[in-house]
Structure formats: structure tokens, C-alpha cells
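Visitor: Hi, I've just opened this one and would like a quick tour. Can we take it topic by topic?

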Amino acid sequence: MSRTTGEKIFGVVNIIFMLILMAATLYPLYYVVIAAISNPMAVSMGNVTVWPQGLVLDSFKKVVSMDNIWTAYGNTIFYSVVGTAISMTLTILGGYPLSKRRLNGRKTITIFILVTLWFNAGMMPTYLNFQNLGLIDTRLGILLCFAVDTFYVILMRTFFENVPDSMEESAKMDGANDWTILTRIYLPLSLPALATLTMYYFVGRWNAYFWSMLLLRNQDLVPLQVLLKKLIVEVSYNNNETFDMSANVMTEQTIVYATIVVAVLPMLVMYPFIQRFFIKGIMVGAIKG
């Protein structure tokens with residue numbers, strides 16, 4: 001079928017718009033990379049825009065040689081991996097029973113869960129709650145801090161509801177219990193949803209810094225994002241206090257860029273391996289049949 005002139009124009013405009021959107025999305029990351037490897041003086045003078053100026057890897061060498069950066073990196077990996085495992089476990093255990101129509105009070109429980117999407121206790125009551133539970137300045141506090149996203153629980157429930165009831169009935173006739181049905185039937189059939197939610201949880205854990213900054217006082221426990229925020233604040237403070245751009249300040253700027261590159265590198269490496277799940281997983285619950 002031949003396309004009309006209007007459809008062709010729309011296609012061209014759509015392609016141009018998407019290219020502009022892609023450039024606007026990727027350029028900040030590209031700038032961080034080229035600024036990290038450029039001459040610090042060129043970065044401070046604003047000469048780095050499209051191409052790197054020179055090839056200086058001193059900032060990466062400085063980042064690699066920093067002891068606290070690797071401690072923070074290890075903390076981030078621990079919080080992200082273990083925290084994501086806890087979040088996914090709780091999300092699955094919350095979504096599975098809610099997908100069963102035989103669950104007594106199913107609608108009431110779902111309403112209480114949905115209410116938390118619009119209302120929360122607030123920052124100070126939440127902080128006091130962690131303080132009363134003795135979770136301040138502990139790894140357990142970071143792992144349990146907002147461990148479950150109720151929206152993801154609803155998505156998981158909806159995906160489980162799409163699994164045919166006949167499969168569960170057949171498994172029960174063979175003597176399978178709910179735990180066996182969950183692990184042998186529902187989870188294998190839900191890999192796209194599991195991969196997508198795992199990625200969302202992992203990225204959220206990896207980028208989280210606000211509550212880590214509030215709950216952690218021991219610098220040996222802080223994640224990478226808190227350390228990065230500290231570096232950015234220090235550079236901004238030095239720029240405000242120092243009228244002449246000293247070599248020290250300029251080096252700190254490129255160190256911040258190098259730290260950002262190191263921080264986002266695992267996300268860039270991991271994403272291509274689970275991208276194939278996104279097409280199905282992003283549509284979790286969109287089609288119910």
C-alpha cells in the first residue's frame with residue numbers, strides 16, 4: 001500500500017523529532033565523557049563542547065587511586081544487588097497472593113496498597129521511624145529503606161493474573177503446592193516482567209543518594225552517589241570562593257566528570273543484556289486476556 005503525502009511528511013517530521021530527542025538525551029552523557037578526558041583548562045574555559053580538547057587521563061588515574069571511591073563503589077554494589085534481591089522477593093510475594101481471586105479481603109488489601117501511591121508519612125516521620133527502629137547508620141536501614149514500590153507490586157500482580165488458571169489447576173491435581181506453582185510455573189512464565197522490574201529496582205538502588213545521605217553518618221558505609229554529591233558540592237564551593245580558576249579546582253571538575261563516568265558504566269554495560277526483555281516487560285499488564 002502506497003503512503004500518502006501526509007503520511008510521508010509525518011514520517012519525516014517524526015524521524016527528525018526523534019533524532020533531536022535522542023541527541024538531547026545522549027549529549028549530557030557524551031559531554032561528561034569528553035570533559036573527563038579533556039584538558040582541565042579547556043573544560044574550565046568552556047572550550048569543550050563537541051570534541052575533546054587533548055587527551056588527559058589524569059582524572060581517571062586520580063579516581064582509581066582514591067581509596068574511598070572503591071569503598072563507596074563496593075557499598076553501592078552491595079546495596080544495589082542485595083537490595084534489589086530483597087525488593088524483588090517482596091514484590092513477588094506481594095503480587096502472587098493478590099493475583100488470586102480466592103484470597104479473602106483481596107480488594108481491601110489492594111485498596112490499602114494503592115493508597116500509598118498518593119499518600120505517604122513524609123520525610124520527618126519516616127526518619128523518626130528509622131531512628132526508633134535503630135536503623136540509623138546501618139546497612140540494614142539502607143536495604144529496607146523503601147524496599148518495595150507498590151506500583152511494581154500491582155504490575156507483578158497483573159502479570160500473574162494473565163497466567164491461565166488451567167495451568168495452576170493441573171499442577172494442583174499433580175500434588176503441587178502454592179510455593180511449587182509459584183517457582184515452577186509463574187516465575188518462569190514471567191521472565192520479561194521480572195527482568196524489567198529488576199532493572200528498575202537496580203537502577204533506582206544504584207542512583208539513590210538522598211536517604212543514604214540522611215541515614216548514614218559513617219563514611220565507610222556511604223554509597224558512590226553520596227560521595228559523588230560531596231565532590232560536586234566541594235567543587236561548587238571552591239568555584240564560589242575562588243575568583244581565579246586554580247589548577248586544583250579545574251582538576252576537581254574533571255575528577256567529578258570521571259567519577260560520573262565510573263558510576264554510570266555498570267548501567268551501560270548491563271542494559272544491552274536485558275534490553276530484549278523490555279519489549280515484553282514494559283507492557284506488563286497492558287493486555288489482559
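Visitor: What volume does the largest pocket have?

Guide: About 700 Å³. A pocket here is an open set of points on a 1 Å grid over the protein atoms alone, where a 1.4 Å probe fits, with protein on both sides within 12 Å along at least five of seven lines; lining residues have an atom within 4 Å of a point. Grid points are joined across faces, edges and corners, and the volume is the space filled by probe spheres set on the points. Before we go on: this is a predicted model, where local features need pLDDT of at least 70, side-chain atom pairs count only at pLDDT 80 or more, and totals for chains, interfaces and linings use all residues. Residues are numbered from 1 along each chain as its sequence is written, and side-chain values use heavy atoms, with hydrogens and water left out.

Visitor: Good to know. Which residues lie nearest the centre of the largest pocket?

Guide: C145, F146, A147, V148 and D149, out of 28 lining residues.

Visitor: And which helix gives the most to that lining?

Guide: That's α11, with five residues. Helices α4, α6 (123-132), α7 (139-144), α8 (150-161), α11 and α12 (210-215) each put at least two residues into the lining. Helices (H or I, at least four residues) and strands (E, at least two) are DSSP runs, numbered from the N terminus.

Visitor: Back to F146. Where does it sit, and what is its phi?

Guide: F146 is in the loop between α7 and α8. Its phi is positive, about 55°, although it is not a glycine. Most residues other than glycine have a negative phi.

Visitor: Is F146 buried or exposed?

Guide: Exposed, because its relative accessible area is 51%. The cut-offs are under 20% for buried, over 50% for exposed and partly exposed in between, with a 1.4 Å probe and protein chains only.

Visitor: What about the phi of D137?

Guide: D137 has a positive phi too, of about 60°, and is not a glycine. D137 lies in the loop between α6 and α7, and it is partly exposed at 27% relative accessible area.

Visitor: Changing topic: how many helices and strands are there?

Guide: The chain has 14 helices and zero strands. Of its 289 residues, 38% count as buried. Among contacts (heavy atoms within 4.5 Å) with a separation of 6 or more, 72% are between residues 24 or more positions apart.

Visitor: Which residues have the most contacts inside the largest nonpolar core?

Guide: V63, I69, Y73, W206, L224, V256 and I260, in a core of 21 residues. Helices α1, α4 (67-98), α11 (191-207), α13 (224-241) and α14 (247-281) each supply at least two of its residues, and α14 gives the most, with eight. A nonpolar core is a set of buried Ala, Val, Leu, Ile, Met, Phe, Trp, Tyr and Cys residues joined through side-chain atoms within 4.5 Å.

Visitor: What does Y73 touch?

Guide: W206, L224, V262 and P266, leaving out residues up to four places away in sequence. Apart from this core there is another one, of 19 residues, with L155, Y186, L187 and A193 among them.

Visitor: And A263, which residues does that touch?

Guide: Again not counting residues up to four places away, A263 touches W206, L224 and Q225. A263 lies in α14 and is buried, at 3% relative accessibility. A263 and W206 are 57 residues apart along the chain, with their C-alpha atoms separated by 8.7 Å.

Visitor: Let's jump to α1. Why does its end-to-end distance agree with its length?

Guide: Its 32 residues (5-36) should span 46 Å at 1.5 Å a residue, and the end C-alpha atoms are 46 Å apart, so the two agree. The expected span is 1.5 Å times one less than the number of residues.

Visitor: Where does α1 bend?

Guide: At Y27, by about 35°, with a proline, P28, following within four residues. The bend is the angle between axes fitted to the seven residues ending there and the seven starting there.

Visitor: Which α1 residues are buried?

Guide: G11, Y31, V32, I34, A35 and A36.

Visitor: Last one: what is T110 in contact with?

Guide: L98, I154 and R157, leaving aside neighbours within four places in sequence. T110 lies in α5 (residues 106-115) and counts as buried at 9% relative accessibility.
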